[in-house]
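Morning, everyone. Let me put the model up, and then we can walk through it.

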Amino acid sequence: MPESPNLAVNFAGGIRSPNPFWLASAPPTNCGEQVMRAFDAGWGGAVWKTIGEPVVNVSSRYSSIDWNGQRMMGLNNIELISDRPVEVNLREIYEVKKRYPNHAVIASLMVESKREAWHDIVARSEDAGADGLELNFGCPHGMSERGMGSAVGQVPEYTEMITGWVKEKARTPVLVKLTPNITDIRTVARAAKRGGADGLSAINTINSITGIDLDTLAPRPNVDGFSSHGGYCGPAVKPIALNMVQQVQSDPESQLPLSGIGGVGTWKDAAEFILLGCGTVQVCTAAMHYGYRIVEDMIDGLQNWMRQKGYVTIEDFRGLSLPHVREWKNLNLNYKIVARIHEDKCIGCDLCYTACWDGAHQCIHLDRVSGVRNGHVEAHTKPAEVEAASRAKITVTPIAKLDKVAANSQNVEPYATPLARIPRVDETECVGCNLCALVCPVENCITMEQVDSGLAPQSWEERTAVVAGTEKSC
Amino acid sequence: MQSVFQQHPEVAERFPDLHPPLTAQSAVIEANRCLYCFDAPCTGACPTHIDVPRFIKKIANENLRGSALTILDANILGASCSHVCPVQVLCEGACVMHHHHEPPIKIALLQRHAMDAFYASGAVLPKTSAERRNGKIACIGAGPASLACAAELRQRGYDVTVFDRHRLPGGLNTYGVAEYKLPTADSLREIELVGSLGVDFQFGTEIAGEAAFANLEKEYDAIFLGVGLGAMHRLRIPGEDHPAVIDALAFIAGYKTAGRLAVGRRVVVVGAGNTAIDAANAAKRLGAEEVQILYRRVETHMPAFGFEYEHAKQEGVRFLWQTQPIAIHADTDGELRSIECLRVELAQDGTPRSIAGSNFHIECDMVVPAIGQSPLFDLLTECYGVRVEHGRVVVDRVTGQTSNPKYFAGGDCVNGGREVVDAVADGKRAAVGIAKVLESAHA
């Protein structure tokens, strides 16, 4: 048995933690007692709930989106920064660091946009023992109305200026937390880098209204009949976060050590963020949903995967997926795949059939019994005709004593599912879009298989260059 | 009207729901398990072709009224079907989840969830915009076939009168289904719904004699025969006229609707069909200490559905295979004492043959014959020109029309005794057939 992969990280020039799993600045890191329990559960670091001049919060504060019977696919909050006095938070940071010297404690900070205010809070946080500072330029609700949070993060000049003030004073690494509520996240990432940031955290929450109560007509969360836009997070935002992480990491002017945030709840999520270049990940919603204990499998699962892939440290695979992301114009136009339906696995739900007809390219057919007919739409029985034929059938309850059961009535179908319900792909028409495989509820029942197009790889850029060249030569 | 069970809560307690209803949240979770198949096999397996994925999706989307109306649009008796359908061999049996190594979607419970919500919210059907049409139809019998036929015709704008010789409507839904499956009250509220459409009911009205049918023919443009089957077969053995010999349907109707809640201490049920099992289970719940089912053949031959057999075993009913009753004995005081039987051997081809001299007695104080119903030969011969073969009315399967074009038929009198849902499907098909004939006549 090879030794366990080493998950320890040294992030952004000096923040060390036993693993890359940090709790994001949020309710799970509200106080020292919580952070210590989190460390006991296995978390490698914690970004403290944002410290600043204490605020008053409202009740209620959260709302969520359920999907298909699953709770909290996405979570929204209108809670502000810490409502506890600065000195209490700093005293508790001191206590935590004394007892957990090897874990990372990062102070998340937000004060009014004055140089002295930032100098003061930076000095006090570092005196308390924080291993690093995270500048909260991302909070999208409430604080932004007071000129802080995303009000700073949406203006590159402010971001650069305040980062600069902090760097004048800071002795520990400075991370800037980016807001996604901006057209191009790279503009602010570049500003943070220009301002001297040692690292970035992304993404903060996304502006959201999660839904409206259809009885009261008030959006959620309801505060005395009214609501306010909040910050959206949880599994729903992961794809958005991954895209922004990739954008930042692929841009030389933005590129900095990055702590990935947004829908991380499992080791697989974490691996994906790291593969796109993140050095650590931060978790909030999953911990709010299931508690600190989820980190156990994040550690265990990531180690098992690393062992299987032969990676020994986080650095061994960090960023390995970045070269696989290209601009569309550089993708190979001559790569062709088609859908193959594996009859032995098909359960006959025919979701691929209806998806292909209504949502794709009309190349999946129910004609295994009636006779195969390749070609355009006109040659085929359409969905409405299939349904009408079913409705016209007379069905009765099978009752043995009333039905003469013929001896040869046994299922002679080659598959468990009746042949008439197993769809067929017309490969000449299939464009290889993946939709059928995506809707199929059975794993590996529909696979996308490469077919040789007989053509050398060629991208759009190459193809249009060739055409332009041809025209010139004419 | 208070049902017998509402008057006797201590007995009702012993007839709890066989399958307790879903809660609102569990219904949504279960509904979300549904894959929403295209041209779904469950829909194809339902004789009334209820669009199952559609009504389930509406439950998932918390559109319970839309869900209920989807069900009712296909099957006006959607509520009772959700209780009594043998879904294991119908919709749930066809669920693709079986191939997915997962339990099928609980279609019956979801259907019931939607229907319960519909009745709880006042059971208001949308106003049909159909204009009144010329045409009067008489439906004979107020069981599921006639109810479905009447509702469909009424919704299409025709005048419909339903005749039934019983005091209560519903046919076997009211009189013949085990209470733990379908409470009488639930059957009756469903018939009120049909009534709310404007269907005229004539209860306690027996149509009998050629003259009566001739009169009907004069008064009505079409006649639907939803008469079901006749009396239960007799055992044809000595002693069966004893008052403690009560056939299964009379026994079930007695406890459900007539307040006859007394039952023997040791009960023998003869026959192993679904009705035999309903009777045996009811006898257990009504307080019988010992209930035994006698059957000539063996387990694999029994006509009852497998899940009914399992249910009976769980209720504590004993099964005696290869047993042929030959006489019922009373003691000198006239009390029923025993049923005398012969052992049966099965020939190679499965034919049962009783073994001479193998006589034995089973002590009991009540015998419930449950060996099927006989056709209503007399009544059917009174309908002029309606062809009957093997005791079943011959119809065109698609339209329900008999050999006399004025008569249509459906349900048990046509199919020999299938399920409620089959009767509903027959009735609805016949209604469409009748409407077509009347439309062309008045065109």
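Which residue is the bridge partner of B:Ile140 in E4(B)? It is B:Leu225. Keep in mind that this is a predicted model.

Now the strands around that pair. Strand E1, residues 136–140 of chain B, and strand E4, residues 222–225 of chain B, pair in the parallel sense. The two are joined over 4 bridges. They belong to an open sheet of 5 strands in chain B. The order is E3-E2-E1-E4-E15, and the pairing is parallel. At the edges are strand E3 (200–203) and strand E15 (407–409) of chain B, each pairing on one side only. On average, neighbouring strands here are turned by 20° against each other, direction ignored.

Next sheet. Chain B also has an open sheet of 4 strands, ordered E7-E6-E5-E12, again with parallel pairing. Strand E7 (318–320) and strand E12 (366–369) of chain B each have a single partner strand, so one side of each has no neighbour in the sheet.

Look at the E5 and E6 pair. Strand E5 (266–270) and strand E6 (290–294) of chain B run parallel, joined by 5 bridges. B:Val270 has B:Leu294 as its bridge partner in E6(B). Helix H15 of chain B, residues 274–285, lies across E5, E6 and E12 of that chain. H15(B) runs at about 165° to E6(B).

Over to chain A, and helix H2. H2(A) covers residues 86–99, which makes 14 residues. From first C-alpha to last, H2(A) reaches 20 Å, close to the 20 Å expected. Which residues of H2(A) are buried? They are A:Asn89, A:Leu90, A:Glu92, A:Ile93 and A:Val96. Why do they share a side of H2(A)? Because they cover an arc of only 160° around the axis. Their cover includes helix H1 (32–41), strand E7 (104–109) and helix H3 (115–128) of chain A. The face of H2(A) turned away from the buried side carries exposed A:Glu87, A:Lys98 and A:Arg99.

Last item, the interface. 27 residues of chain B are in contact with 27 residues of chain A. On chain B, helices H3 (24–33), H4 (41–45) and H19 (420–442) each supply at least two residues of the side touching chain A. By class, that side of chain B has 15 nonpolar, 7 polar and 5 charged residues.

Questions, please.

Methods. Residues numbered from 1 in each chain as written. Chains lettered and ligands numbered in written order. Predicted model: local features only at pLDDT ≥ 70, side-chain atom pairs only at ≥ 80, totals over all residues. Expected span 1.5 Å × (residues − 1). Buried ≥ 20, exposed ≤ 12 C-beta atoms within 10 Å, placed from the backbone. Arc of directions from axis to C-beta. Contact = placed C-beta atoms within 7 Å. Nonpolar A, V, L, I, M, F, W, Y, C, P; charged D, E, K, R; others polar. Pairing = 2+ DSSP bridges. Axes fitted to C-alpha atoms, helices over the stretch in contact; angles between N-to-C directions.
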